[in-house]
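Here are my notes on this model, as numbered points. Please read them beside the coordinates.

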Protein chains: 4
Amino acid sequence: MTRTINLNADLGESFGAWTMGEDGALLGVVGAANVACGFHAGDPLVMRTTVRTALAAGVDIGAHPAYPDLQGFGRRPMTMAPAELEAAVIYQVGALAGMAAAEGGRLTHVKPHGALNNQACEDAALADVVARAVRAVDRHLILLAPALSELQAAGERAGLAVAAEVFADRAYTDAATLVPRSQPGAVLHDPGAVAAHVMRMLEAGAIVATSGKRLPTSMHSICVHGDTPGAVDNARQLRAALQAAGWRLVGLREALGR
Amino acid sequence: MTRTINLNADLGESFGAWTMGEDGALLGVVGAANVACGFHAGDPLVMRTTVRTALAAGVDIGAHPAYPDLQGFGRRPMTMAPAELEAAVIYQVGALAGMAAAEGGRLTHVKPHGALNNQACEDAALADVVARAVRAVDRHLILLAPALSELQAAGERAGLAVAAEVFADRAYTDAATLVPRSQPGAVLHDPGAVAAHVMRMLEAGAIVATSGKRLPTSMHSICVHGDTPGAVDNARQLRAALQAAGWRLVGLREALGR
Amino acid sequence: MTRTINLNADLGESFGAWTMGEDGALLGVVGAANVACGFHAGDPLVMRTTVRTALAAGVDIGAHPAYPDLQGFGRRPMTMAPAELEAAVIYQVGALAGMAAAEGGRLTHVKPHGALNNQACEDAALADVVARAVRAVDRHLILLAPALSELQAAGERAGLAVAAEVFADRAYTDAATLVPRSQPGAVLHDPGAVAAHVMRMLEAGAIVATSGKRLPTSMHSICVHGDTPGAVDNARQLRAALQAAGWRLVGLREALGR
Amino acid sequence: MTRTINLNADLGESFGAWTMGEDGALLGVVGAANVACGFHAGDPLVMRTTVRTALAAGVDIGAHPAYPDLQGFGRRPMTMAPAELEAAVIYQVGALAGMAAAEGGRLTHVKPHGALNNQACEDAALADVVARAVRAVDRHLILLAPALSELQAAGERAGLAVAAEVFADRAYTDAATLVPRSQPGAVLHDPGAVAAHVMRMLEAGAIVATSGKRLPTSMHSICVHGDTPGAVDNARQLRAALQAAGWRLVGLREALGR
């Protein structure tokens, strides 16, 4: 029996006159695109173009909502009241859903961005707000969340389909969190090392920490990047390695067995 | 046979710590609410609260998209490329549609705001962009447009249902445009005068200019305001006068005979 | 010998079409105005009008910089990198200084707003960033800071003249911090109670906590408000009570004895 | 006797996570930098870094104010009330002046950006608003304006020192305006052609239109770009050609003979 896995990446992170990322190249690699919704990147025209090209490439489109923070690219922690945050997430998901409808498509999923994602992975109450917002817009949306995070748990509590992701190029601690970038070895740069890391986790059915410790989890998607030199190449090589190992690269819904 | 007419007003024009308008009172008067979508007013939480209270009051909710201009309240003319504007309108309509879905409702209509509306009433090409954007999100949305405007024509060209509106408290020129506010008599302040003006037009099936000239048009909705002293009272008295004259106050879809 | 004290208040908190506060009335009461600089409130035109009317009233003008957060009115905690925050404060102070120059005046002081102020009162490192920013723009600016706060200490470390303020209508804990609004008695509403509270502290030369504990401190300014019903009246009565008790109401520089 | 000329370019057009332009390279070429002030590009930290590096390179720094339009990069025409626009320009100039003060420098000049500049070159009333704003902040600031434009005339009416600029790589009409980019030959790409075009105008003391027509004007500065491939190389070669022809490259004040 063929095993299936999804690859996802953040796209549509340009804004106005400023461009970012290698969206065209990534669309040939991934099966799911997390599209910025205007709060941290992605003006309406960028959103529409991204949705159109993703649909043309047969790539799932998902909303990538963030804190309202264009200057900080959504990476700066903020404190919003639960009702404010819930409405902000609904707003962004709705805006991208409108763009998808305008292009004859539909959203598959939602994945929070940056500081919002980081905080929702640690803070169950915040994670519940995010999950509630997603469910409120459309209960058929998949929540794409880091494996073993509070966000994953919140999605399940909310009755959403949750796709669990691991990061292709990041080392993990024994607590299933990412090794901070300030520490050596936090980020894997070598394509071979990236592919080996992912394969090891997929075969183990577990996050494999740098200590060797195994944290069993389902894994439906691998997060890759396109914003650093060599990142797209790494993603391409990972894709090839997965295919060579017999993994079939699919959309999020199929990766969830739905 | 009972004649039907709709009353509409702009709602949800608060933002963050700043409040504006008398939304609660207006919801007891109108049958359709044009809800600000965050570009000129209305942050996500204001939008959600407005949608919720409008739905609870049985009032149609529509998107009120604008130029991206919070400081200018969307009243400052801008020049956007057609593709930029189309995407900006889709974005705003989608965001409000998401909010409506989150509250268990649906959008009935779209009415452009401020400078965007004014320009779309005069400029056929711009009006086509707006109509195209509305249709792209959802072809079942009603376009609420000033009677005899280019926007009305564009909506019809796009195959949308178009509800034609007249303004309760504004005098008209022979060209079916509003008498500029700088001219005497441009705005009607007396409740009796407002009701008489509206009734005269409804009975005539025509916009009645200050010269007395009649410009025949269908009329499905009357636009009232809640942002000036006495405005809500005027709207209330207009509603009572219409009912006394045998007009049934309905939602937009019923006013269109659908 | 006459004793001197300053009254300060936040002004210029309108934005575009939205108005807030009773600036006209407050300018007859206070000697120092903290003027919003566009990040949490106060668009450029509001800033200019506020500066003009404050100068005409002989009231000191100061910058009231905040986190970049219009929707949250600068009240939402954010995490900015020190260099980002320092530049953001310089930007806002510079913008208001330009407005003051355009009106033939000069800035007297800087007082951080909302969440930025709250965090700078507790976090010495953050307070140092704010103080450094103020000093960088103009070392002659007075830093207006809550008495016994980390911000006051940071201003002194930076070599700035620091005016220490207490709040007219807020109860204090034994740690010289404000009793949280969630607790009973946190906010004084009765004009007589407000005046008595202030007078007690001024006579004692100390913050007087609700427990009766005295925390000795210099006090150069009393912060009053104009954004709640009755607030301006409270401020007026406080002013009258101070004058009746022999206090002379002065600008910030004179209150500092400079 | 040595002849003097200034080269100017737009710098500091990055924003947050997005970078734009080759500022480092340009600072080795030009004598005056027009620094974005946050309304179309340039967040506070970008502004500070730009000011610091420009001062270190001995390059004049000037404010480059724009319409409030981050998505449109200040290139979209807007209609602002005169008082709004005047305040917006003062705000931006003040913010950059604060940044300059923080880095131990001073502003030399102001040059409007994008659509604001274009409109001020054609519309005398708008140009007067801009000139009035510059003068209001600091009457010693130089206004850098296209030669023979309404903006130049407005600066002179306002009593400002006005530096007249021509564009190195743009063809001119007989009306001293730029040939629209939509027409062939509007933009010069070949470095030799650029240098020859500039030299021809400098020697003639006139704008030389594509027809050969000469429009006599003083010329104090040449505007070069760094935002397109080859632009910096063109600027470098122009600089070398000017020096080879005996022109001394100076700051704006010296170019004005002050």
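1. Helix 8 (residues 231-244) of chain A gives the most to the lining of the second largest cavity, with four residues. Helices are DSSP runs of H or I, at least four residues, numbered from the N terminus. A cavity is a set of points, on a 1 Å grid over the protein atoms alone, where a 1.4 Å probe fits but cannot get out; lining residues have an atom within 4 Å of a point.

2. This is a predicted model, in which local features need pLDDT of at least 70, side-chain atom pairs count only at pLDDT 80 or more, and totals for chains, interfaces and linings use all residues. Residues are numbered from 1 along each chain as its sequence is written, chains are lettered from A and ligands numbered from 1 in the order written, and side-chain values use heavy atoms, without hydrogens and water.

3. Chain A averages a pLDDT (per-residue confidence, 0 to 100) of 96. The complex has an ipTM of 0.97 and a pTM of 0.97.

4. The second largest cavity has a volume of about 70 Å³. Its lining includes A:Asp169, A:Cys223, A:His225 and A:Asn234. By class, that lining has seven nonpolar, two polar and one charged residues.

5. The largest cavity has a volume of about 1700 Å³. Its lining counts 49 residues, with A:Leu70, B:Leu70, C:Phe15, C:Leu70 and D:Leu70 nearest its centre. The lining divides into 26 nonpolar, eleven polar and twelve charged residues. Ala, Val, Leu, Ile, Met, Phe, Trp, Tyr, Cys and Pro count as nonpolar, Asp, Glu, Lys and Arg as charged, the others as polar.

Note on methods:
pLDDT = per-residue confidence, 0-100. 1 Å grid on protein atoms, 1.4 Å probe; cavity = no way out; pocket = protein on both sides within 12 Å on 5 of 7 lines; lining within 4 Å. Points joined across faces, edges and corners; volume = space filled by probe spheres on them. Helix = DSSP H or I, 4+ residues; strand = E, 2+ residues; numbered from the N terminus.
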